Structure formats: structure tokens, C-alpha cells
Amino acid sequence: MASGLERESGSTIFSEEELREVSGLKRVGDYVEVTCGCTSHRYGDAVGRLRVFVNGYLEITCECTPGCQEAKLTPSAFEKHSGRETARKWKNNVWVIVNGEKVPLCKTVLLKYYNQVSKAANGSHRSQNGRACHRDEFVRCSRCNKERRFRLRTKEECRIHHDALADANWKCSDLPYDKITCDDEEERASRRVYRGCTRSPTCKGCTSCVCFGCDICRFSDCSCQTCADFTNNAKA
């Protein structure tokens, strides 16, 4: 039997050698699990369990305190939950323990398949000038009723928007990459018309900036109707 996890194609995604010195390693079904953490200068280390799935998806269960209920966090959300002062750099701020030392994810093999999947998805859904075809979207805060902008350039950003859209109680302070509160002003209407379309800056929606489903913005672990329809169509 080949060592490491097996992808559907039968090839090994991580060899024993690649993960030999990584602490807390477990191999379970379609993912590997390792000990991870994020350090805040104010609160210290928040420790968790990072799962790396065969499709490149990353998921963290927080263990910062015995009673913490935060599970299935994206690395970005875990970074925010930990109280890290310089957010939006989860690849550098979230670490694993290798040979007894804290090593940023970006310097480990654990992001290899995340990066491959993101690159492949970006390449399969780009406009003619090569940029990803996902325009900015807005979600309304359940407390102050103000709309907040979400950038959808990467799979991570799409997941943040996806989860916010599904949360009826989403609020401004939940944004992981911008320090926004309900007291901050809403974007002016004249600014909101600019949503990142590669064809026209003030486009209201076209085939160049509106995506109806791709590997970046749909998630196999989500049971919502949109993701389920995309997954079923992909298998057909």
C-alpha cells in the first residue's frame, strides 16, 4: 500500500517524508490533520487543529480554550479569532510545529495542494486579460443595516463572502480582513458602482464579471442549494 493519503486519481498527496517532522499529524479519510496555531502579542498563542483536504480545502477547529466552540474555520477566520493584530496575512501568521519550531504555513508543504487548486481554478475562470472573473459583492449588516464590500479574487475571499451571505446574523465586525464596525460610514453610492469588472468599471453585471459557479466560489463541503447544484453538475 502506498504511504500517505490517496487522491481519487490514486497518487499520493503527502508522503511520509514530507510530513515526518510535523507535530500532531493524523491521517483520516480524505484529509490530514496537524496541530496549528496563531500568535497574538496581546493574547498569546491560540492553538487549533488544521485539516488539509484532498481538494486543497483548509479547515481549522480552534482549541484556544477548553470550551471554545469555533469549528470549521477558514485560516483567515481563525487568524481573526485568535486576536492577531496584523490580520489578512494568514499564510504567514498561522503556523504549524515542525521539528519543535513554529513554522508559517507558507513555508511548509501543507499549502501545496491549496495553491494548486486555487491556481487551476483561477486559470479556468478568467477574462481575456487574465484576471479572475468575480466582481465585488455586498452583504448587509444585521445590526446597522449598512452594506459592506466583499472582494472575491481568491477562493479564501469567496468562502468568506459565501459564509457571510448564509449567516442571517452577520455583522460588520465579522469581516476578517477589514477592521470595520457599525459606526463606520457606508460606502457612498457613487463608489459602490465600481465592482471590479474587467470589461467596464461601472458594469452592472455581465459574463465577464458574474460567475455562475466555478471551483473558486463553490464548495464541496457546503450543503447550500447553490453549492449542491454546482457539485451535482460537475459530477454529471
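Residues are numbered from 1 along each chain as its sequence is written, and side-chain values use heavy atoms, with hydrogens and water left out. Because the model is predicted, local features need pLDDT of at least 70 and side-chain atom pairs count only at pLDDT 80 or more, whereas totals for chains, interfaces and linings use all residues.

The mean pLDDT (the predictor's confidence in each residue, from 0 to 100) is 79 for the chain, and 79% of the residues score at least 70. Helices (H or I, at least four residues) and strands (E, at least two) are DSSP runs, numbered from the N terminus. Confidence is highest in strand S5 (residues 94-98), with a mean of 96, and lowest in helix H6 (residues 225-235), with a mean of 52. Residues 1-11 remain under 50, and the model has 23 contacts (heavy atoms within 4.5 Å) for them beyond four places in sequence. The pLDDT is also below 50 over residues 127-132, a stretch with twelve contacts beyond near neighbours in sequence. Where pLDDT is low, the predicted coordinates should not be read in detail.

A nonpolar core is a set of buried Ala, Val, Leu, Ile, Met, Phe, Trp, Tyr and Cys residues joined through side-chain atoms within 4.5 Å; buried denotes under 20% relative accessible area, exposed over 50%, and partly exposed in between (1.4 Å probe, protein chains only). The largest such core has 26 residues, and Phe14, Leu50, Phe78, Leu105 and Leu110 have the most contacts inside it. Two or more residues each come from strands S2 (31-40), S3 (44-53), S4 (58-62) and S5 and from helix H3 (112-124), with S2 giving the most, four residues. Beyond its neighbours within four places in sequence, Leu110 contacts residues including Phe14, Val34, Leu50 and Val96. A second, separate core of 17 residues includes Val139, Trp170, Leu175 and Cys211.

The whole structure holds 16 salt bridges, each defined by a side-chain nitrogen of Lys or Arg within 4 Å of a carboxyl oxygen of Asp or Glu. Glu137, partly exposed at 22% relative accessibility, pairs with Arg135 at 3.3 Å and with Arg195 at 2.6 Å. Arg195 lies in the loop between helix H5 (189-192) and H6 and Glu137 in strand S7, so this pair ties together parts 58 residues apart in sequence. Both Arg149, at 12%, and Asp136, at 6%, are buried; their closest N and O atoms are 2.8 Å apart. Salt bridges with shared partners also join Glu33, Arg49, Arg51 and Glu59 into one network.
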